[in-house]
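Please keep the sequence and the structure in view while reading.

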Amino acid sequence: MQGQAQQQAYDRGITIFSPDGRLYQVEYAREAVKRGTASIGVRTPEGVVLAADKRSRSPLMEPTSVEKIHKADDHIGIASAGHVADARQLIDFARRQSQVNRLRYGEPIGIETLTKEVTDHIQQYTQVGGARPFGVALLIGGVENGTPRLYETDPSGTPYEWKAVSIGADRGDHQEHLEENFRDDLSLDEGIELALEAIASTSDEGTAPDGVDVATVSAEFERFVELSNDEIESYLEANDLLATEDDEQTEE
């Protein structure tokens, strides 16, 4: 009982380290990320792919109202996993920083620069009393001077750069699929296929086009582009990942 009471004393305050050097509130925020549906990023020489599982909880919900991938600037996209409301706040912050950089320096913000601005903002909420950490992880992907970059942000405020990465539910299974199938010479189309395969790898049924979001930033045009449902359906069909009508009826 005494040990439990001692732990509760440390996990109630975000500014207090436990005797073994842990910040319990940050660890709880990471658990919130694990409860969110998955988002996956793949970096290829031709650009960056962001894909997100956005399967709705009810057939009555409008699929377009579930937003997991956002445009931060013309050349940057952000995917999230965890608390959606927290993600919206960080994405709005990222958009403001992107616009400030354009106004101040007359050039688009760098991917690494933006990521560190966001993670600095996240980190402040791990050492301020009366606040809580952001219960969300982000994938920030884009093209900087023709070079694709892909970063992950953590609730602790730590940035990581990846070639391919998954955040959210079933991260271990998705990451294993990415590690087994990723190649450094993937084309952008192959990157899209790999991301969709990773999302489908944890589902017994197929994937419906309105149950996943996909966006790319190509190295050639340096423009954020969201794929339409028809385009997503063609990729799913070509890779035998498309949910059949029988599967959809079973889910309902």
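Is Glu-222 buried, partly exposed or exposed? With a relative accessible area of 25%, Glu-222 is partly exposed. The model discussed here is a predicted one.

Glu-222 sits in the loop that runs between strand 9 (212-218) and strand 10 (224-226), and although Glu-222 is not a glycine, its phi is positive, at about 50°.

Asp-170 belongs to the loop between strand 8 (164-167) and helix 5, and its relative accessible area of 41% places Asp-170 in the partly exposed class.

## A patch of negative charge

Asp-170 also takes part in a surface patch of negative charge, where it gathers with Asp-173, Glu-176, Glu-179 and Glu-180. Within this group, Glu-176 is placed in helix 5 (residues 171-181), and Glu-176 is partly exposed, with a relative accessible area of 46%.

## Salt bridges

The count of salt bridges in the model comes to 18. One of them joins Asp-92 to Arg-95, with the closest N and O atoms 3.7 Å apart; both residues lie in helix 3 (residues 84-105), where a spacing of three residues corresponds to about one turn of the helix. Asp-92 is partly exposed at a relative accessible area of 30%, and Arg-95 is likewise partly exposed, at 32% relative accessibility.

Another salt bridge links Arg-149 with Glu-161, and here the closest N and O atoms are 2.7 Å apart. Because Arg-149 lies in strand 6 (residues 147-153) and Glu-161 in strand 7 (residues 159-161), this pair ties together parts that are 12 residues apart in sequence. Arg-149 counts as buried at 17% relative accessibility, whereas Glu-161 counts as partly exposed at 38%. Both residues also belong to a network of salt bridges in which Arg-43, Glu-112, Lys-116 and Glu-144 are linked with them.

The side chains of Asp-185 and Arg-183 form a further salt bridge, with an N to O distance of 3.0 Å. In this pair Asp-185 counts as exposed, with 54% relative accessibility, while Arg-183 is partly exposed, with a relative accessible area of 37%.

## Aromatic pairs

A pair of aromatic rings is described by the distance of the centres and the angle of the planes. The count of such pairs in this model comes to two. One of them brings together Tyr-125 and Phe-134, whose ring centres are 4.8 Å apart and whose planes stand at 65° to each other, an edge-to-face arrangement. Edge-to-face is the term used here because the angle between the planes is over 60 degrees.

## An exposed proline in a loop

Pro-59 is found in the loop between strand 2 (47-53) and strand 3 (69-73), and at 66% relative accessibility Pro-59 counts as exposed. Along the chain, Pro-59 and Glu-144 are 85 residues apart, and their C-alpha atoms are separated by 40 Å. Glu-144 is one of the members of the salt-bridge network described above.

How values were computed:
Residues are numbered from 1 along each chain as its sequence is written. This is a predicted model: local features need pLDDT of at least 70, side-chain atom pairs count only at pLDDT 80 or more; totals for chains, interfaces and linings use all residues. Side-chain values use heavy atoms; hydrogens and water are left out. Rings of Phe, Tyr and Trp (its six-membered ring) pair if their centres lie within 6.5 Å; planes under 30 degrees apart count as stacked, over 60 as edge-to-face and the rest as tilted. Helices (H or I, at least four residues) and strands (E, at least two) are DSSP runs, numbered from the N terminus. Buried means under 20% relative accessible area, exposed over 50%, partly exposed in between (1.4 Å probe, protein chains only). Patches are made of residues with over 30% relative accessible area and no salt bridge: like charges are joined within 9 Å, nonpolar side chains (Val, Leu, Ile, Met, Phe, Trp, Tyr) within 5 Å. Accessible areas come from the Shrake-Rupley method with a 1.4 Å probe; for residues, only the protein chains shown count as cover. A salt bridge is a side-chain nitrogen of Lys or Arg within 4 Å of a carboxyl oxygen of Asp or Glu. Lys and Arg count as positive and Asp and Glu as negative; His and the chain ends are not counted. The place of a charge is taken as NZ of Lys, CZ of Arg, CG of Asp or CD of Glu.
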